[in-house]
Amino acid sequence: MRLRILAVGRDRSGLYQPAIEEYLKRMGRHARVEVVEVPEARHHAGTPQASEEEGRSLLARLGPRERLVVLDEGGVEHDSAAFARRLAAWLEGGRDVALALGGAGGLAEPVRSRAEERLSLSRLTLAHRLARLVLVEQLYRAFTILRGEPYHR
């Protein structure tokens, strides 16, 4: 199974990318996890057209049988142990999984409609680049929970 994080934009600040790369490296011994970035819609920034354009880019990167899970403020919120159980279910399902994070304007409705699950990382509003780091860390934590490793205490 391949696990991909589809995310809008890139971290130009340099704050989050080193930590994301560290967690991806750590997860390498558990599974193949990659981050796929799609560009932010610059011409329509801050408008509904931006989310629609970014949504088309996200959907274009999906395989026809790939399970899409979107990170959305209205999604189901899990604690880390429950998130690990969701990850285990995805692994057992045998299908590739893509976790989609929208840009500053959120996810377009066609992306939400294509999703098989909607998850929330927090009831707090997170910057979308920070949300990417939180997601990667929680995936790593979930793998360590499933393997009984001491990271999650």
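Which residue in β4 does V70 stand opposite? It's A100. Keep in mind that you're looking at a predicted model.

- Five strands make up an open sheet, and they line up as β2-β1-β4-β3-β5 with parallel pairing.
- At the edges sit β2 (32-38) and β5 (117-120), each of which pairs on one side only.
- On average, neighbouring strands here are turned by 30° against each other, ignoring direction.

**Zooming in on β3 and β4**
- Strand β3 covers residues 67-77 and β4 covers residues 97-101.
- The two run parallel and are joined by four bridges.

**Helices across the strands**
- Helix α2 (residues 48-60) lies across β1 (2-8), β2 and β4.
- Helix α5 (residues 128-146) lies across β1, β2, β3 and β4.
- If you want the angles, α2 runs at about 165° to β1, and α5 also runs at about 165° to β1.

- M1, L91 and L146 together make a nonpolar surface patch of about 210 Å².
- You'll find L91 in helix α3, which spans residues 80-93.
- L91 counts as partly exposed because its relative accessible area is 32%, which falls between the 20% limit for buried and the 50% limit for exposed.

Key:
Residues are numbered from 1 along each chain as its sequence is written. This is a predicted model: local features need pLDDT of at least 70, side-chain atom pairs count only at pLDDT 80 or more; totals for chains, interfaces and linings use all residues. Side-chain values use heavy atoms; hydrogens and water are left out. Two strands pair if DSSP finds at least two bridges between them. Axes are lines fitted to C-alpha atoms, for helices over the stretch in contact, and angles run from 0 to 180 degrees between N-to-C directions. Contact means heavy atoms within 4.5 Å. Patches are made of residues with over 30% relative accessible area and no salt bridge: like charges are joined within 9 Å, nonpolar side chains (Val, Leu, Ile, Met, Phe, Trp, Tyr) within 5 Å. Accessible areas come from the Shrake-Rupley method with a 1.4 Å probe; for residues, only the protein chains shown count as cover. A salt bridge is a side-chain nitrogen of Lys or Arg within 4 Å of a carboxyl oxygen of Asp or Glu. Buried means under 20% relative accessible area, exposed over 50%, partly exposed in between (1.4 Å probe, protein chains only).
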